[in-house]
Amino acid sequence: MNIQIHNVHFTYPGNVQALRGIDLTIPSGEIIAWIGENGAGKTTMAKLVNGLLKPTAGQVLVGERDTQTASTASLARLVGYAFQNPDEQLFLNSVWKEVAFGPGNILDDPDEVTRRTRAALELTQLSHKAEMHPYDLLPSERKLLGLASILSMQSPVMILDEPTMGLDYCGLQIMSNIILRAREARRTIVLISHDMDFCLEHAERFIVFSGGRILRAGSAAAVFDDVHLLEQAGLEEPQIVRLAKASGYTPIPKDPAEFVATYLERR
Amino acid sequence: MISIKSFTFRYRGATEPALENIDLEIPRGQFCAIIGANGSGKSTLCFALSGIIPHHFAGEYSGIVRIAGRELVKMELGQMAGLVGLVFQNPFNQITGARYTVEEEIAFGLENLGIPQDEMSARIALALQQAGLVQEAHRSPYALSGGQQQRLAIASILAIQPDILILDEPTSQLDPVGTREVFELLARLGVSQRKTIVLVEHKLELAAQFADRVVHLNHGRIIADGKPQEVLGNPRLRLQGVQPTRFTLAAALSQEQAQLPSDRTLPVTLEQAIGFFR
């Protein structure tokens, strides 16, 4: 499902201008990273796409649907939004109920709700904690639970806000695996993250936000080869890019494996 | 400054101890980073050092935790507040909710300690400036972004000016510039005021650059304790559930592909990686 954002502005109460004219088209099945410093407008834009907020001016279309007029419930089927802080998202008293809640609201078939819940818990490796209270989980497990509860919706668009926050090696493997599967299923994924290496490894395109505007939309090279842009947007290059640049390797690699391949070739 | 001897703690209702047989001495002025997989006991250690365990969380407690020579279980929480400050992992859990503005939120802890009005104003101004929140002073804590709330949690503790700062992933929601500012501030406080810093962190490149020492927890036990590169450059880090830096990952991969022995300490920072791949 594609997303079209036309000249969108958003102002919070108290005249805080968060977005100042955003234009962006995300084709169906793209994995796109939204990057930029705190307060750049990334999360606000995400909330406009899933309809939690409505644009002050301009238009957001999810598929054919205009978020200004579409109901939050109808948008919830299309756009899954995993919050940066899962504690703002979770509200039920068991892990299973939390994951089953979304599909339970949109499906009439209880067996299908069970199947989806089970599948989402397996993907996030939380199956053995299904009966636990979400607040008895570790913070990192709650992060994965927030993700499971949108995976079970099987929405064509997923927005993951700081998906790697607080995750250890195993958690990161789970997150990467989920993104790879979603890519295979041609779902549209928006990654909002300060974890530049993670974005580089997964995203096909980068959108640089700054002060409520888009400074650049393009490939990893278009962003990370532009030192002036990085400085202007308060961004840091991914670790693997810094190493490649220091070693004089071009084009920039997307992960340690690509870096090592170039290294072994040149040695 | 901090002395932990044979410390074991099991939360009420848990089958396994969260921390087991911990021995740790952290001298005054040291910047000590704590790493480990999720559930390895990092946050529990923060709670134990700040007195939240055993004063708030019930459980089975054995061993001795001393701060500045005083045994922690024998102290009142109020006595400890000026000595140890804890910045929570989730700022939402720390912000009191009892105050309308950022400035008042920072004042909350100071009022409880009975700090005189003039000094309180000066401390609040300094903490706002140190945490980069001057512009936000009159906003509601709940109108702040996640990153700003995290700055507020840090500011509230800085204002109390404790000798020991315990920080549980304090920069998880901050952008790279903000994160680096926090690390630089902590390092400065360590050098200029000899504050003792205990920091739980997943961002290993920064831990390597700023910490004097790294302690690695695994299943509630200390499995490594030493200089940053020794601990963070361990080629088995991934197997113990810790995400290494991409520098370390690239080096490990090149060793594997060249079929070289895998027991060598690997680079953790850019400078070390440049040397490794030269």
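This report walks through a predicted model, from overall shape to single residues.

## Ground rules

Residues are numbered from 1 along each chain as its sequence is written, while chains are lettered from A and ligands numbered from 1 in the order in which they are written. Because the model is predicted, local features need pLDDT of at least 70 and side-chain atom pairs count only at pLDDT 80 or more, while totals for chains, interfaces and linings use all residues.

## Chain B as a whole

Chain B holds 12 helices and 10 strands. Here helices (H or I, at least four residues) and strands (E, at least two) are DSSP runs, numbered from the N terminus. The radius of gyration of chain B is 19 Å, close to the 19 Å from the globule rule for 278 residues, so chain B is as compact as a globular protein of that length. That radius is taken over C-alpha atoms, and the rule is 2.2 Å times the number of residues to the power 0.38. Along its principal axes, the C-alpha trace spans about 65 × 45 × 35 Å.

Of the 278 residues of chain B, 51% are buried. A residue is buried if 20 or more other C-beta atoms lie within 10 Å of its own, exposed if 12 or fewer, and partly exposed in between; C-beta atoms are placed from the backbone. Contacts require C-beta atoms, placed from the backbone, within 7 Å. Among contacts in chain B between residues at least 6 apart in sequence, 66% join residues at least 24 apart.

## The nonpolar core

The largest nonpolar core has 165 residues. Such a core is a set of buried Ala, Val, Leu, Ile, Met, Phe, Trp, Tyr and Cys residues joined through C-beta atoms within 7 Å. A:Ile159, B:Ile34, B:Ala155 and B:Ala207 have the most contacts inside it. Helix α7 (residues 146–160) of chain B gives the largest share, eight residues.

Beyond its neighbours within four places in sequence, B:Ala207 touches B:Ala33, B:Ile35, B:Glu201, B:Val214, B:Pro228 and B:Leu232. In helix α5 (residues 102–112) of chain B, the buried residues are B:Val102, B:Glu105, B:Ile106, B:Ala107 and B:Leu110. They pack against α6 (117–130) and α7 of chain B. Just after α5(B), B:Gly114 takes a positive phi of about 70°.

## Where the chains meet

The contact takes 34 residues from chain A and 35 residues from chain B. On the side of chain A, α5 (139–151), α6 (169–184), α10 (239–246) and α11 (256–266) each give two or more residues. The largest share, six residues, comes from α11(A).

In α11(A), A:Pro256, A:Phe259, A:Val260 and A:Tyr263 are buried. These buried residues fall within an arc of 95° seen down the helix axis, so they line one face. The arc is that of the directions from the helix axis to the C-beta atoms. Their cover includes α10 of chain A and α11 (246–257) of chain B.

## Strands in chain B

Strands β1 (residues 2–11) and β4 (residues 59–67) of chain B run antiparallel, joined by eight bridges. Strands pair if DSSP finds at least two bridges between them. B:Ile4 has B:Val65 of β4(B) as its bridge partner.

Two bridges join β4(B) to β5 (residues 70–71) of chain B, again antiparallel. B:Ile67 is partnered with B:Arg70 in β5(B). The two strands form a hairpin with two residues between them, and B:Ala68 in the turn has a positive phi of about 50°.

Note on methods:
Contact = placed C-beta atoms within 7 Å.
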